[in-house]
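Student: I've got this one open on my screen. Please walk me through it.

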Amino acid sequence: MPKITGINPKHNHISFQCESMSTVENKLEEMDIKYEKRRVEEGGIFVDQLFFHDPDGLMIEICNCDNLPVIPLTEESVQSCSRISCNVNQMQQQQQQPVKISL
């Protein structure tokens, strides 16, 4: 098992989505579990995050990630991009492709 160290949200972790961040935070406090709270912003959308270690020392993230839009990926569009800019990049690429006309 990994050795429990300080909470670093950049370390490997598994993330779960929840409906009520305040309920999870209250439960962590009730159980006397140390956690770190973060808020990130991307493209004007805010996501709250709680990071803590489970009893085995593994890092857990709880977030309200449902605030982020879901962007479906197709085989042609799989690329490295942020969740917000991905659709914009795809549309720009499609507009730049030459139109083929058959006569």
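Tutor: One term before we start: two strands count as a pair if DSSP finds at least two bridges between them. Also keep in mind that this is a predicted model.

Student: OK, take the hairpin of strand 3 and strand 4. How many residues sit between the strands, and which one takes a positive phi?

Tutor: Five residues lie between the two strands there, and G57 is the one with a positive phi, near 95°. Strand 3 and strand 4 run antiparallel and are joined by five bridges. One place to look is F52, which stands opposite I60 in strand 4.

Student: Zooming out, what's the strand order in the sheet?

Tutor: The order is 1-4-3-2, in an open sheet of four strands with mixed pairing. Strand 1 (14-17) and strand 2 (36-42) are at the edges with a single partner strand each, so one side of each has no neighbour in the sheet. From one strand to the next, the twist averages 30°.

Student: Mixed how? Which way do strand 1 and strand 4 run?

Tutor: Parallel, with four bridges joining them. In that pair, S15 is opposite E61 in strand 4. Over at strand 2, the pairing with strand 3 (residues 45-53) is antiparallel and has seven bridges. R38, for example, has Q49 in strand 3 as its bridge partner.

Student: And what does helix 1 touch?

Tutor: Helix 1 (residues 21-30) packs on the sheet and touches strand 2, strand 3 and strand 4 (59-63). Its direction makes about 20° with that of strand 3.

Student: Which residues of helix 1 are buried?

Tutor: M21, E25 and L28. Looking down the axis of helix 1, the buried residues fall within an arc of 60°, so they line one face of the helix. Their cover includes strand 2, strand 3 and strand 4.

Student: Switching to the core. Which residues make up the largest nonpolar core?

Tutor: There are seven: C18, M21, L28, L50, F52, I60 and I62. Helix 1, strand 3 and strand 4 each contribute at least two residues to this core. In soluble globular proteins, nonpolar side chains tend to be buried together.

Student: Last one: where is D32, and is D32 buried or exposed?

Tutor: D32 is in the loop between helix 1 and strand 2. D32 is exposed, with a relative accessible area of 70%. Take a look at its backbone as well: D32 has a positive phi of about 55° although it is not a glycine.

Key: Residues numbered from 1 in each chain as written. Predicted model: local features only at pLDDT ≥ 70, side-chain atom pairs only at ≥ 80, totals over all residues. Heavy atoms only, no water. Axes fitted to C-alpha atoms, helices over the stretch in contact; angles between N-to-C directions. Contact = heavy atoms within 4.5 Å. Core = buried A, V, L, I, M, F, W, Y, C linked by side-chain atoms within 4.5 Å. Buried < 20%, exposed > 50% of the residue type's maximum accessible area, 1.4 Å probe, protein only. Arc of directions from axis to C-beta.
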